[in-house]
Amino acid sequence: MKKAWLLVIMVPLFLSSCTSKVDERTWTKQQFIDIVEQHYINDKTGTIRTYGTTDNEEYLLESMGLYYAWLVKVGEQQKAQKIEQAIFSQFAHQKQQQLFLSWRIENTEKATSTSWIDDRRIIEQLPTTSTEKQRLLATIEQTQMAGNLVMDFYDWQQKKASKRVVLSYGGDMPALKQVYSKAVKQGAPFFPEYYMVKTKKFTTLNKVHMVDQLLIAMNSEQAGESTHQFWQWLEQEWQTQDKLSGNYNRQSKKGDGVQSAAVYALASQYATMKKNDALANALKQRGQALLATNDYKKIHFFDLIWYAPETKK
């Protein structure tokens, strides 16, 4: 179990590294940092707002982890350390030797549950010698493991973990690879979202979120599984509709028509993984166009972060 657990931490969660011949947003590294610091970061707490306006007081650990990973990647160690400090000063909850990270803060109210994918992003960036890293790993192993799999959240107030694996969260454990092997055969073109550990069955949502589907597709490919049917559907959807929607009806396969910069960024990465650089470029450009207004009070940080420049300049 220890060996399988360590394998989970080795898989990168800032997936932009799988892009290749895709044009980048015209921001420089410093310009992107300036946007985040001027519009999204709370000067008092160092936390990142969901939207770029002081009227918004929702702060997600997801945002902190994604920005933290990007800062480390582009060599901004001092700024990364400030984000790390904000994570543990604002989102942490300690119970004896256990250490939890809240997935959300709204105003000053901290959620009493964790999120595995958010924890994982942060754990990956912490040095091996980090006390916080070791405590987080130990706490997750004590509270969130079942059948060699990590459940998606733990509520420290209720003292209960969920009983499901969220397939969009990914990982490299042998037990999880077996789950993906079964998941890709559960229907087409959309994947199931959850694996219930007790019943060993998959469950689905009627409202299909494309961000989740794209992450599941890439996780499956990384696990060595074919996602050909989903890939064919995505290509056809782009060709016939000239867009990808943020959500689809599982039965009718019709989209809601609402486009998302994050969907296009992840779809671009998926297209690169499938070795279609022309489509990857077209998808990335469509996402960039959605951000071109620079109206940050209407731009979700999750949409913004995928367009951060990848170079250290």
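Where is the place of Gln269?

## Gln269

Gln269 lies in helix 10 (residues 261-273). Helices are DSSP runs of H or I, at least four residues, and strands are runs of E, at least two, numbered from the N terminus. Gln269 is buried, at a relative accessible area of 1%. Buried means under 20%, exposed over 50% and partly exposed in between (1.4 Å probe, protein chains only). Its C-alpha atom is 6.7 Å from that of Ala280, eleven residues apart along the chain.

## Basis of the model

This is a predicted model: local features need pLDDT of at least 70, side-chain atom pairs count only at pLDDT 80 or more, and totals for chains, interfaces and linings use all residues. Residues are numbered from 1 along each chain as its sequence is written, and side-chain values use heavy atoms, leaving out hydrogens and water.

## Aromatic pairs

The whole structure holds 18 aromatic pairs. Rings of Phe, Tyr and Trp (its six-membered ring) pair if their centres lie within 6.5 Å; planes under 30 degrees apart count as stacked, over 60 as edge-to-face and the rest as tilted.

Phe100 and Tyr154 are stacked, because their ring centres are 5.4 Å apart and their planes meet at 10°. Phe100 is in strand 3 (residues 98-101) and Tyr154 in strand 8 (residues 154-155), 54 residues apart. Both Phe100 and Tyr154 are buried.

Phe190 and Tyr248 form a tilted pair, 6.0 Å centre to centre with 40° between the planes. Phe190 and Tyr248 are buried too.

## An aromatic cluster

Trp27, Phe32, Tyr40, Tyr67, Trp70, Tyr296 and Phe301 make up one aromatic cluster.
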